[in-house]
Amino acid sequence: MIEVRDAKKWIQNGARRVEILKGITLTIPAGQFVAIVGASGSGKSTLLGLLAGLDTPSSGEIWLDGVPIHNLAEAELAAVRGRKIGFVFQSYQLIQTLTALENVLLPHELNVEGSGLAQARQLLEGVGLAERMEHYPVQLSGGEQQRVALARAFVVEPPIVMADEPTGNLDSANGRMVLDLLLERNRKSGTTLVLVTHDPEVAGMADRKIVLKDGMVVEDTLPFTAATELMLDRGVHG
Amino acid sequence: MANRALSWKRAGAIGWRDLKSAPGKFGFVVLSVAVGVAALVGVRGFSESFRKTLGIESKSLMAGDLSARMFHEPTTEDQGKIASILQKKGGGIRSTWVTETVSMASAPPDPVPLLVSLKAVDPAEYPYYGTAELEPAMTLKQALDGDSVVVAEEFLIRLNAQVGQTLRLGGRNFKIAAVLKQEPDRLTAGAGMGPRVMISQAALERTGLLAPGSRASQRLLMKFPEQIDPVVLRKEVEQALPEAQVMDFREGNPALSQGLDNATAVLSLICLVAMVLGAIGVAMAMHAHLEQRMDMLAILKAVGAGSADLLRIFLLQTLGLGLAGGVLGVAAGVGVMAALPAVFGNLLPVHAVLEFPWKSVAAGMGTGLLTTLLFCLPPLLDVRAVRPVLVLRRLVEQGPQGVGGWFARWWARRLQLGISAVVVAALGAIAWALSDSAKVGTWFAVLFTAALVVLLVMAAVALWVLRFLLNRIRLRLPSFLRHGLANLYRPGNQSAAVLAALGLGVMLILAVYLMQAALLRDLRETASPKLPNVFLIDVTTDEVAGVKEFFQRQPGVIQALDLMPGVTGRFTSLNGKTLDQLKEQHFPRRMLENAELTWADAPPAGDKVTQGKWWTNGDVAQLAVGTGVAERLHLGVGSSVELEIGGKVRALTVAAVFRADGQHLASRISFVLPSGQLKDQTTEWYGGAHIDPKQVGAMERALFAAYPTITVINLADELDRIESVVNQITFVVRFLAGFSIFAGLMILASSIASTRFRRMREAVVLKTLGATRMRIVRTFSVEFSVLGLLAGSVGVVFANILTRVLLSKLGVGFHIEWLETVVALVGTAVLATATGWIASYRILGLRPLEVLREE
C-alpha cells in the first residue's frame, strides 16, 4: 500500500518559490491500477517520482508498505526501490552499452542474490524478444526497447510497477502491446500499477483515475467501466 | 536581393550562449589548448630571455671586447705579433692573457687531492668588463696578491676547508683568500671539471704546472676604445694567431647561442606534441558537441540558416575557445618560464634576466590558435551534412552498406580528407618555423602523423580484442565489471582516440625515462674490471718511466697502467681543400686546428680496423682515422691530408679507418700516425689503469705527493658528474613531455565531459533500479581505469620499441625495465581514474527525477 500525507513539492527559483505539488493526500491499496492524468505541468510526473522515492517531498510524508520513505537515507531508499518498485519510462531509459538481456538482468544483479539469468531470458521470451536478447538498444525499435524496459521492470517481481507515459513514444500497435503486458501483470500477479498518462483511452482502462491540475488533485474517481465492473463484482448490479 | 547570411554579431551571440550552456565541457577544451601554449611559451620565452641576456651582457660574458683562445702557450713570435698590433693601433688598447687548465689540488693537512678547474689571470688587468664577486668582499687584485688564491664554494665544501686555510697546488702552498661567487666570463670555460680555483699568472708560473705540451688553454683578452673598428682588429688578430678561435663582443657566445637554439628547437617540438594533442582534444570535443547539438542545427537550418551560417557560429566558438586557452596558456607559460631555471639547475652558469617574452607569447598564441582552428575544421565541416528534416524525425535513412557504402561515406567526406592533408602540411610548416629547419619540420609532420595513425590503429585493435573477449565471457563477469567494460563502447566515447592521445603522452615520457636509464646504465657498465677506471693526463715524457714504476708498486692495481702519447697538430688541408675553403661545410674547425694525434705501429687495444690496412713501417707518410671523424670530415682510405706538426707541414695519406670501442684509452684520440712521424715532437702522455675503487684515494694521494702536476681523473667521480648532467637534461625533457600526458588527460576529461549527459542518465537509471553510489563508483572506475591501463599498455609498448630503435642507433644495449613499465601502466590507470572522476564526480549526487524529467 502507498500512502501520501499532505505531500508538497516546491522548488526555489531565485527569490521565487515555484510550487509544483500543493498538498496531496491519497492512499493506493495493493493491487490497484491507478492512472494519474492531467495537463502538462500539472505535477503528474513529480507525484510519480515522490511515490517511487525518486525524489523527496519538500514537506509531507510518503509511506510505502508501512515504511516512511520520505525519511530514508539514499542507500536505504535505493534498496526499497530496487526490491519493491519496477519502472517503465516514456523514453525507455535502457543502458546503451548493455545488451537487452543484460539490461533486464541488471535489477536482479543489483538487488537479489543468485543468478537471474533464467528469469531474464524467460521474461524476454514473454515479451516476444527471444531472438533479440543479445542486441543492443540501438539495434532495437522503440516498441522493442519498451518491451525490454517492461521485462526489466518485472525481473525482481516487484509488488509495485510505476510507468511514466509508457506508450507516449510508441505507435498504436506497440502502445497497445505494452499496455496489455502491463495490465496482464497487474491482473495476474496482483501488482500495483501506477501509470501517468495523457491518453484518456489508457486512463479509461484503470481501476482509478486521479486528475491533477496545478499541483492539486481535482478528481479522484473510478472510471465508468471499472466502477461498473467493480459494482458487478460486488453484486451491486442485479 | 537581401543578404540572408547570419551576421557575425548574431553568430557570435549564439555561439557564446551555446558555450555558456556547458561550462564544464568547454572548461576542459580551454585547458587542452592552454597546456600546449603554456609549454611552448615557457620554453621559448625562457630561451628568448636567455638570448637577450647573452646579447646585453656579451662584453661582460667575455670579460673583454675581443678574445682569442688557443690550446698552446703563446710563442715569443705570437707575443711579438700581438705587441706590434697594439703598437700600430696607438694607445688605448689593453690586453691580458687568461690561462685555463685542470689540476689536482689539496687542502693540507688533509692529503686527499681533488681535481680542480684552474684559471690564472693578471688581476691588474682582468676582467675588463663585469666583476669577479668575492666573499668576503674585496677586489681581485687584493685577493690574488702574492701566494693566495680564490676558490669556489664547492671546493671548500668538498675538502672541508675554510677561507684563510692553505691550498696545495703543483707542490706549492697558497692561502685561500676568498670564495669566488661569480666570475664574468664563467660561460667561456664551459662546464668545468671540478671546482673552480682562480690564481694569478705569476703564481701559476711558480707552480711549474705549465710544462710544454700541457692541456692548458690560453685566452687573449682585449679591451679597445670605441673608435677602433672591431672587424679590422679581429682580422688582424686572426692573422697574427691563425690557430686561435677569435670572438668579439658582437657575437656574444656563438657556441652557447647555437646550443641554446638547438635545445629550444628540440624542446619546442616536444611542446608542439602537447599542443597538437590539445588541438585533437578540441576537435574531438567539438565533434561530440555538434552531435549533441544536432537538434539545434536542424532547427536553424529549418528556419533558413545555411551551412555557412552554422560554420560561422562554430568557427567563432572555436576561435573563442582557442583564444581563451591561449590566454590561460600564456599566463601558465610565463610561470613555466620562471620555473625553468630551477629545473635546469646548475647546467646554466648565468641567470637569464626574465622579461615578458612578447615574441614567444605571439608564437605560442599564434601556434595555439592555428592548430586549434585547423584541427577543428574537419569536424566543423560536418554541419554541412545536417538535414533540417531532423526536426521532424530523429532517424534519417542510412546510406548504402558494404564496401560501396564505405567508399560513398569517404567520398562524402572528401573535403574533410583534403583539409586533413592541409592540416598535416601546416603541422610541418609550424614545426619548420619552430625548429628553423625544413627537414626537421617535414620529418616531424610525417613521423607524428604516422605515430598517431599507428597508435590509433593499435588502440582500435586493443578495444576490438577486449570487446571480442568480453562478448565471450561477459555473462560470467561480475555485473559492475561487465558494465564498466561495456561502457568503453558507449556511443560518443571516442575511446580509441583517447587511448591514442593518452598513449602518445605515456610513450613520450616513458621513452625519455628509458633512454636516460639505458644511457646511465651503459655509462656504469664501462667501469668493468678490464677497462680503465682511472685516467692520468698531463704526464710529461720525463715522467713516463717513473709513473710506470709507481703503478707497479701501487697496491690494488687490477689492470696495469697503459700509457699513450699525445701530440697536438693542425690540419691545413683535407682532400686538397684548405680549411677556409671547408669553412662553409660546417666542419668542426677546432677539431682540425687543434687535432690530438697519437702514434702506434699496430692498431691500439680497443681499435678495430674497418677499412684499409695498418702500416708496418713506422716511417711511412700515412695516418689512420676513427670512423666518426672520417664520416664527418668525408675522409676514407686514400684521402690526402696536410698536417702541420711542430711548425712543419706533412702530406699524409689515410691508410686505415678504425672503430674505437669507446672504452679503452685509445678511444680518446681519433688520429693515429706512424711512430716516425711524431716521436720527436713535444709529447703529453695519457694513462689509464683499473684500480680497486677502495685503493683509488690512496693512489691519488701518493701520486699527488710524488707528481703534483699530473692530473688524475677518477671515472667514478666523472660518472657522477655525467649522471647529474644527464639527469638534469632528461628532467627538463620529462617535465615538458609531462605536458603531453596532461594534454592526453585533458582529452580524456573532455571526452568524459562531452558524454556527461549519457553518464548522468545511466547513473540515475541505475539508482532508479536500486544501485547504491558505491556500485556506480565501481562501474565508472572500471571504465576509467581500464581506459588508463589500455592507454598505458599502448604507451609502454611503443616507448619500448622507440627506445630500442634509438638505443640501437647509439650502439647502446636495451633491456626491458619491468618496474618502470609496471609503474607507467598503473600510474596511467590511476591518473585516468582520477581525471575521469574529476570530470564527472557531480553525477553521483544527482537525484533520479532531476534527470529523467529532462527527457
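Reader: How many bridges join β1(B) to β10(B)?
Author: First, the ground rules: this is a predicted model, local features need pLDDT of at least 70, side-chain atom pairs count only at pLDDT 80 or more, and totals for chains, interfaces and linings use all residues. Residues are numbered from 1 along each chain as its sequence is written, while chains are lettered from A and ligands numbered from 1 in the order in which they are written. Helices (H or I, at least four residues) and strands (E, at least two) are DSSP runs numbered from the N terminus, and two strands pair if DSSP finds at least two bridges between them. β1(B) and β10(B), residues 245–248, run antiparallel, and the number of bridges between them is four.

Reader: Which residue in β9(B) stands opposite Ala68(B)?
Author: β1(B) is also joined to β9(B), residues 217–223, by five bridges, again antiparallel. In β10(B), Ala68(B) stands opposite Val246(B). Look across to β9(B), and you'll find that the residue opposite Ala68(B) is Leu220(B).

Reader: How many of the five residues of β1(B) are buried?
Author: Count a residue as buried if 20 or more other C-beta atoms, placed from the backbone, lie within 10 Å of its own, as exposed if 12 or fewer do, and as partly exposed in between. Leu66(B), Ala68(B) and Met70(B) point one way from the strand, Ser67(B) and Arg69(B) the other way, and all are buried. β1(B), residues 66–70, is therefore largely enclosed by the rest of the structure, with a buried count of five of five.

Reader: How far apart in space are Thr755(B) and Ala288(B), C-alpha to C-alpha?
Author: Thr755(B) is in the loop between α24 (715–754) and α25 (756–768) of chain B. It's buried, with 22 other C-beta atoms within 10 Å. In sequence, Thr755(B) and Ala288(B) are 467 residues apart, but C-alpha to C-alpha the distance is 8.0 Å.

Reader: How many residues does the second, separate core have?
Author: Leu499(B), back in the largest core, is in contact (C-beta atoms, placed from the backbone, within 7 Å) with Ala459(B), Ala462(B), Leu787(B), Leu790(B), Ala791(B) and Val794(B), leaving aside neighbours within four places in sequence. The second core is separate and includes Tyr126(B), Leu144(B), Val657(B) and Leu703(B); its residue count is 105.

Reader: What percentage of the residues in chain B is buried?
Author: Chain B has 28 helices and 21 strands. Of its contacts with a separation of 6 or more, 86% are between residues 24 or more positions apart. Out of 855 residues, the buried part is 44%.

Reader: Which element gives the most to the side of chain A that touches chain B?
Author: The contact takes 26 residues from chain A and 25 from chain B. On the chain A side, α1, α2 (74–84) and α3 (100–111) each give two or more residues. Those chain A residues divide into twelve nonpolar (Ala, Val, Leu, Ile, Met, Phe, Trp, Tyr, Cys and Pro), five charged (Asp, Glu, Lys and Arg) and nine polar (the others, Gly among them). With seven residues, the element giving the most is α2(A).

Reader: At what angle do α5(A) and α6(A) pack?
Author: Axes are lines fitted to C-alpha atoms, for helices over the stretch in contact, and angles run from 0 to 180 degrees between N-to-C directions. The residues where these two meet include Leu150(A) in α5(A) and Leu181(A) in α6(A). α5(A), residues 142–154, and α6(A), residues 172–189, have axes 9 Å apart and an angle of about 10°.

Reader: Which are the edge strands of the six-stranded open sheet in chain A?
Author: The strand order is β6-β7-β8-β3-β9-β10 (chain A), with mixed pairing. β9(A) and β10(A) pair in the antiparallel sense over five bridges. Strands that pair on one side only sit at the edges: β6 (85–88) and β10 (216–221) of chain A.

How values were computed:
A nonpolar core is a set of buried Ala, Val, Leu, Ile, Met, Phe, Trp, Tyr and Cys residues joined through C-beta atoms within 7 Å.
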